[in-house]
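Here's a quick tour for anyone meeting this structure for the first time. Have a look at it below, then read on.

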Amino acid sequence: MKTAFDVLGAELLQLARDRRALFSAILLPALLYPLLFWGMGKLEDVGRETMAERTVSARLDLAALGETMRDEFRGDLVERGPITIEDVDATAVRDAEEGEPRRLAARGALGLEGDGEGEETDDGADLLVVAEIEGEGADAQRATFELWYDVKSDDAREALSRARGALRDIEDRVATERRERLLGGDPATGLDPEVVDVATAEDTSGAALGKWLPFIVLLVLVSGAAYAALAVFAGEREAGTLETLLVQPVPHRSIAFGKFIAVFIAGAATLVVNLASLALCFGLGLADVDAFGGATGGLGLARLATLGIELPACLLLCALMCLACGGARTFREGQLLVFPVTLLVIVPTAIVLRPEAELTALWAVVPFAGTALALRDGLEGGLSLPLAALVVASHLGWTWLALTRLAGVLDAEKVLGGGGDAKAEAHLRQASGQHAVRWGFAVVMTVYLVAGSVQRWDLDAGLWFTFWILLPAFALAIAWTAPRAPGEKRDLAGAMGLRVPRIEHLVGALLVVPALARGAEALFEWQQKVLPLPPGAESSGLGLESVFGERGPLWLFFFFALSPGVFEELVFRGSLLSAMRRDWTLRKILFWQALYFALVHASIYRLLPTAILGALLTAVALRARSVFPAMVLHIAYNGLLVLGTTGHLDFVEADWFRYAPWLAVPGLLLLARPAKETTSGA
Amino acid sequence: MTEATVPATDVAILAEGLVKTFQDPQRGTVEAVRGVDLDCRRGEIYGLLGPNGAGKTTTLRMLSTILAPTAGRAAIDGVDVDEDPLEVRRRIGFLSGSTGLYPRLTGRETLRYFGKLHGLEDDALDAAVERAFETFGLHDFGDGRCESLSTGQKQRVSIARAVIHDPPVLILDEPTTGLDIMASSDMIDFIESRRTAGTCVLFSTHILSEAERLCDRIGVVYGGRMLAAGTLDELRADTGTEWLEDVFRELVRRADEA
């Protein structure tokens, strides 16, 4: 333990003198919220000016009011901006029972049917105002207003804002009149406006702190911990001090543990500074706590104490960062390795964005998903203590597991590789691995941002562009720019995995497809219990039926089986895999292939199936030393699932489908055959 | 030179049949060292001479317990590297040409850090640091951050760090690589000074003049094997050549023909 503290002391001293470490651990998290809220304020100002020009619509039931007040309210609304006013009879809302029945009645009166998005009817309105007269005797003229709106609609929020302004003006006038007329009355209660959101409880929680704080906290943690981990592991190796450290008479695990504690302290400091900055922003009024859900029950000490549940997540994140950066040979390589760790954190955390996701015992043990859901529930005041305990215990368990592997990252066999004399070859291989990581990231982001946008604009054009232009271009670019040794000839076909395969591998790939499809069905059924598809998409595992059901089978097969089967494989199991093979171990290749293949499909619901498929296709391509068997498998698998789930092919009920596992046995045996030794280009 | 001619108590470094293989994703199993024998006595300077890729660094890393031998055995000051690596590390000072310093620590902080890792505390630590400051003339720059030091100054801090615990054995891997003339001369002076202090010094180099000037005995390593070992005169006699460069070429030629 003394050694760990000696290492910790030296590491902290260095981090404290490192401007970049101070920036990422202290300055950035401290400035994040002030800058964010200032920017949001500016955007809001611009938005407000724009919104003031918008025509909004309001439905008014003001029958209970006197004529004067009715006209005054209506006139004030018109003066505040373009508005379409419609008088309605909202007796159904008024008479409905408090709670859900009344909310549904209000949605009906607004022209909003059901609770889904995009269901507003053509004659729907942005705001419903229902006025009533309450009180007896001297206060008989006290008016109450219910203002129903949908928080998700910009127009609705604008209409609400105008109506509140109009009511404030009337209230001021009424209060003044009463002050003059009545003695002893309370002029401040001239009006009693009550704003009521027609959104569901889940939607309301969407505006709450619990929905976005888990993200911010973890991203800030990544920022602080990542640099510290890079500095103490990858930075040390790059500076040439690690070899010296390893010949000191102390156990390597003590060195690794001391470094981990230093990273944790940097991460925890980031967290504390960031949360203090947030509290200060609320305290100084830079941000409206009500706008972040504080209005719903407030943000008492007990709720804020839930933030403590992020500590185990912080420990786990720091341990993962240390593991990732400890495996890096240079600072730059470490920066690349931080990326998948960040994804490992963000993807499970995204579960808090799903309103239907509940903190269960299963989710509690999922790294980062458990803490995110617990934090959300805690901030909303509904955290179950046993589940919170399970979240903490499981995250501490994951951290312990990660730490047991941490000493291994300082294993000199891995750190130093072979002797110190083969640096040119080592650098070439290292460059090859980095080439794969960089290009993989570029593929994922381009497909997600560019191809996704084009597909949303025009589906057919987008699919042509994605599969027949973008992906082939990437495959060629990755293969063309692959690092080569001096004098090494460029082998474009080889770099894309275009080698003639064994016929047995092609047949084997086809034979395992039915079993994979069965596995996909089983996985989908299990996933529906854990993470159900959103309403409207649950009828199919891929969610395709509702969207593309009317398209013909040929169109579906071409765009969802043949095209991705050929060109995704050319990029992932072709060019990227060739770059990865030069340096990486099998485990590392499978991990990165699964990760990128899952990410490029950009769906949390398809994350697990696509990751598994990506790893399987990689294993097939590696075994066959050719991309073609993986292509065949991908095309057949996609074809079976797409045509099956869109009702064009009923394979689940087919007799032959029962024998899928038996078909897989000879398929696997054929795939297990060694690849051809020849590497002629196809 | 064989083990039989060296009194066991006099041997500070002993290696017998050292083998090291690596698993390489591209090349499969790579044999970096294929059965190296050597012995080095107290007060002796022993040079491992060989081209890049000969296996010198890997051999030194096995002797300093950084890498575990695949086969064979080695002992430092009588302690087996495989059985008690921590004790071995207490008895060696290790320095390589690529060794760096923590840029944001001062020279003094660096020495204190490594002194603590060697178990020195309080007065013993202070005394060791002061002694290093005196011996290596660090007073003028030892309290400045290492990132602001010149190459020669860094080299002196590195040497002081390697011997802060006064080890009986020094293992130096191409210690003059990347150094300018002045820093390189300082290093050579330091190595020579160790002989009179009774320290056993084993160092690797591919610079023939360094080996010729410093070494009591030279081991020629090539392709992971020890081709020959002995004094310069013994090697000359063995190969029938005068200059060390010719000795080396002759030994390599014989190995390639074998």
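In which loop of chain B does Glu174(B) lie? Glu174(B) sits in the loop between strand 7 and helix 6 (181-197) of chain B. Before going further, note that this is a predicted model, where local features need pLDDT of at least 70, side-chain atom pairs count only at pLDDT 80 or more, and totals for chains, interfaces and linings use all residues. Residues are numbered from 1 along each chain as its sequence is written, while chains are lettered from A and ligands numbered from 1 in the order in which they are written.

**Loops of chain B**
- Glu174(B) has a phi near 40 degrees, a positive value in a residue other than glycine.
- Glu174(B) counts as buried, with 23 C-beta neighbours inside 10 Å; buried means 20 or more other C-beta atoms within 10 Å of the residue's own, exposed means 12 or fewer, and partly exposed is in between, with C-beta atoms placed from the backbone.
- Asp166(B) also isn't a glycine, and its phi is positive at about 55 degrees.
- You'll find Asp166(B) in the loop between helix 5 (151-162) and strand 7 (169-173) of chain B, and its 13 C-beta neighbours inside 10 Å make it partly exposed.
- Helices (H or I, at least four residues) and strands (E, at least two) are DSSP runs, numbered from the N terminus.

**The sheet in chain B**
- Chain B has an open sheet of 6 strands in the order 6-7-8-3-9-10, with mixed pairing; strands pair if DSSP finds at least two bridges between them.
- At the edges are strand 6 and strand 10 (225-230) of chain B, each pairing on one side only.
- Strand 7 and strand 8 (residues 200-205) of chain B run parallel, joined by 5 bridges.
- Val169(B) has Cys200(B), in strand 8 of chain B, as its bridge partner.

**Where the chains meet**
- Chain B puts 34 residues into the contact and chain A puts in 30 residues; two residues are in contact if their C-beta atoms, placed from the backbone, lie within 7 Å.
- Helix 3 of chain B gives the most to the side of chain B that touches chain A, with 4 residues.
- That side of chain B splits into 16 nonpolar, 13 polar and 5 charged residues. Here Ala, Val, Leu, Ile, Met, Phe, Trp, Tyr, Cys and Pro count as nonpolar, Asp, Glu, Lys and Arg as charged, and the others, Gly among them, as polar.

**Inside chain A**
- Chain A has 27 helices and 5 strands, and 43% of its 682 residues count as buried.
- The largest nonpolar core has 151 residues, and Ala228(A), Val263(A), Leu317(A) and Met321(A) have the most contacts inside it. Such a core is a set of buried Ala, Val, Leu, Ile, Met, Phe, Trp, Tyr and Cys residues joined through C-beta atoms within 7 Å.
- Helix 8 (residues 209-239) of chain A gives the most to this core, with 16 residues.
- Not counting residues up to four places away in sequence, Met321(A) touches several residues, including Ala225(A), Val263(A) and Val338(A).
- Phe145(A) lies in strand 4 (residues 142-149) of chain A and is buried, with 23 other C-beta atoms within 10 Å.

**Confidence in chain A**
- The average pLDDT of chain A is 80, and 83% of the residues score at least 70; pLDDT is the predictor's confidence in each residue, from 0 to 100.
- Residues 294-298 of chain A have a pLDDT below 50, and this stretch has 7 contacts in the model beyond near neighbours in sequence.
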